[in-house]
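Hello,

Here is the structure I said I would pass on. Please open it first, then read my notes beside it.

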Amino acid sequence: MTMASRLTLLRRISKLLLSPSLSPSPPLRSSRLLFLLRNASRINVSPWPLASSRSFCSDPLNLPQDSQGPAPIDYRSVLPEDEFHRIANSTIHDLQEKLEEYGDIVDMDGFDVDYGNEVLTLKLGALGTYVMNKQTPNRQIWLSSPISGPSRFDWDHDTQAWVYRRTKANLFKLLESELEQLCGEPVNLS
């Protein structure tokens, strides 16, 4: 069966699944859906339209050729919980202060910095929202970015910085770069 036929079949199935008003009666809709599902299995097509139209995992990162993904964790160097809280709290509170100062410089509608329940939120109006919080069991700071998506930063003893092991990105440098890109004004968070 051609790709166009498969796509047509998947569109029909998705319409049946997503639009209850297509068919006058639920039994007729159910029987049409069963017919389409049976046909889908015979032609080796997923009956679930989202499975073919969306990827359930992230796109591959542009990692250097010699990179094999996240660096292994040396568990001997994992921060004790009290030290993790001290460093993470200091980092988040410093970022909060610097981001509030940055908000005065950029003078943007919808710019807001909020810290509550150990979550730092930076709203950039229509440009998106950053969310940062501590993950104590992992000894990480998690960041959700409107540009780069989710990241998990570990404390690196050697560089004395929060580093995303998968891409080797520094938390402050990543935020500085993205905020300048979004807001048009440079910022120094280090």
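This is a predicted model: local features need pLDDT of at least 70, side-chain atom pairs count only at pLDDT 80 or more; totals for chains, interfaces and linings use all residues.

Start with the strands. Seven of them form an open sheet in the order β1-β2-β3-β4-β5-β6-β7, and the pairing is antiparallel. β1 (111–116) and β7 (169–170) stand at the edges. Each has a single partner strand, so one side of each is left without a neighbour in the sheet.

Now the middle of the order. β3 (residues 129–135) and β4 (residues 140–145) run antiparallel and are joined by five bridges. In this pair, N133 stands opposite W142 of β4. Six bridges link β4 to β5, again antiparallel. There, I141 faces F153 in β5. Three residues lie between β4 and β5, which form a hairpin.

β5 and β6 are antiparallel too, with four bridges between them. W155 has W162 in β6 as its bridge partner. These two strands also make a hairpin, with four residues between them. Look at Q160 in that hairpin: its phi is positive, near 55°.

Which strands does α4 touch? Helix α4 packs on the sheet and touches β1, β2 (119–124), β3, β4, β5 (149–156) and β6 (161–164). The direction of α4 makes about 155° with that of β1. Helix α5 (residues 171–183) packs on the sheet as well. α5 touches β2, β3, β4, β5, β6 and β7, and its direction makes about 165° with that of β3.

The length of α4 checks out. This helix covers residues 81–106, which is 26 residues. At 1.5 Å a residue, α4 should span 38 Å; its end C-alpha atoms are 36 Å apart, which agrees. The buried residues of α4 include F84, I87, T91, L95, L99 and Y102. After α4 comes D107, with a positive phi near 45°.

**The core**

The largest nonpolar core has 29 residues. Those with the most contacts inside this core are L122, M132, L143, W162, L171, L175 and L179. At least two core residues come from each of α4, β1, β2, β3, β4, β5, β6 and α5. α4 gives the most, with eight residues. In general, nonpolar side chains tend to be buried together in soluble globular proteins.

Leaving out residues up to four places away in sequence, L171 touches T91, L95, M132, I141, L143, F153 and W162.

Q140 lies in strand β4. Is Q140 buried or exposed? The relative accessible area of Q140 is 7%, and the cut-off for buried is under 20%, so Q140 is buried. The side chain of Q140 makes two polar contacts that you can find on screen. One joins Q140 to the side chain of N138, at 3.4 Å. The other joins Q140 to the side chain of D154, at 3.2 Å. Beyond four places in sequence, Q140 touches F84, N133, K134, Q135, R152, F153, D154 and W162.

Best wishes

Key:
Residues are numbered from 1 along each chain as its sequence is written. Side-chain values use heavy atoms; hydrogens and water are left out. The expected span of a helix is 1.5 Å times one less than its number of residues. Buried means under 20% relative accessible area, exposed over 50%, partly exposed in between (1.4 Å probe, protein chains only). Two strands pair if DSSP finds at least two bridges between them. Contact means heavy atoms within 4.5 Å. Axes are lines fitted to C-alpha atoms, for helices over the stretch in contact, and angles run from 0 to 180 degrees between N-to-C directions. A polar contact is a pair of N or O atoms within 3.5 Å; within protein, one must be able to donate a hydrogen and the other to accept it, and residues adjacent in sequence count only if both atoms are side-chain atoms. A nonpolar core is a set of buried Ala, Val, Leu, Ile, Met, Phe, Trp, Tyr and Cys residues joined through side-chain atoms within 4.5 Å.
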